[in-house]
Structure formats: structure tokens, C-alpha cells
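Please examine the sequence and the predicted model shown below.

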Amino acid sequence: MHGFLPDLDLHHAACDVALVQGGLSTTMELTAAGRPFVYVPLEHHFEQQVHVRHRLERHRAGRALAYADTTPERLADELVAALGQRLDYLPVPSDGAERAARMVLDVL
């Protein structure tokens, strides 16, 4: 368990499995790195419950766990299942900066 980690993307790329909250940046970095993960979104957080979940489902990434269902045993079971899961994530586009630059140029 860590607080702030510099170069977090390198930790994501090297992990065997991750247990994370449900933020979009973290979960999409894990998805892009092709790493298995379990995420526990905040109960009444619209973005994490709806937007992030929808995007991860679209990429076939991560295993969602409701906070109310989170026990040490359940977490252990989900992490073991995530480790044994064959990953079939859809690729995360990596040309965002180029697309944004083209959009700006189109406006100019």
C-alpha cells in the first residue's frame, strides 16, 4: 500500500494485479498497460459509478466490486480471479495529443 508514488505509470505497468478506487486516470492507465485490476468505486460518485464503469466495460477491463460487498475474503477472491483471468482488453487509443492538435488547427 502506497500514498503518493512518482512515476505511477511504471508501477502500473509492472504490477501483477492492482486494487484501486475507481478513478478514470488510474483505471485507464492499467487498461492501457494491459494489467489486471479490481476497482471499488465510491458509492455515490456519479463519474466512478456511471462514466468510468461504462468506459471500462467498453474496454472489457477491470473487475468492479461494490464497496458494500467488500470484505477481506471477497477482495482476496476477486484479486485471485483477476490474476487468473485471460485479458482481452480493447486497445486504448494513444493518439490523443495529435487529434487535439488537429482540432485546434481546424478552428484556427
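From the N terminus on, the elements of the protein follow the order α-β-α-β-α-β-α-α. In total there are five helices and three strands; helices (H or I, at least four residues) and strands (E, at least two) are DSSP runs, numbered from the N terminus. The model is predicted: local features need pLDDT of at least 70, side-chain atom pairs count only at pLDDT 80 or more, and totals for chains, interfaces and linings use all residues. Residues are numbered from 1 along each chain as its sequence is written, and side-chain values use heavy atoms, with hydrogens and water left out.

**Overall dimensions and contacts**
- The C-alpha trace of the protein spans about 55 × 30 × 30 Å along its principal axes.
- Of the contacts (heavy atoms within 4.5 Å) with a separation of 6 or more, 53% are between residues 24 or more positions apart.

**Nonpolar cores**
- A nonpolar core is a set of buried Ala, Val, Leu, Ile, Met, Phe, Trp, Tyr and Cys residues joined through side-chain atoms within 4.5 Å.
- Buried means under 20% relative accessible area, exposed over 50%, and partly exposed in between (1.4 Å probe, protein chains only).
- Buried residues make up 24% of the 108 residues in the protein.
- The largest nonpolar core has 12 residues, among them C15, V20, M28, F37, V52 and Y89.
- Strand 1 (18–20), helix 2 (24–33), strand 2 (37–39) and helix 3 (46–59) each supply at least two residues of this core.
- Helix 2 gives the most to this core, with three residues.
- A second, separate core of five residues includes V38, L65, L75 and A82.
- In soluble globular proteins, nonpolar side chains tend to be buried together.

**Contacts of Y89**
- Y89, a member of the largest core, touches residues including L30, F37, H59, R60 and A61, not counting residues up to four places away in sequence.

- Most residues other than glycine have a negative phi.
- D7, in the segment before helix 1 (8–14), is not a glycine, yet has a positive phi of about 55 degrees.
- R60, in the loop between helix 3 and strand 3 (63–64), also is not a glycine and has a positive phi of about 60 degrees.
- R60 is partly exposed, with a relative accessible area of 42%.

**Surface and charge**
- The protein exposes about 7,400 Å², of which carbon and sulfur atoms supply 58%; the areas come from the Shrake-Rupley method with a 1.4 Å probe.
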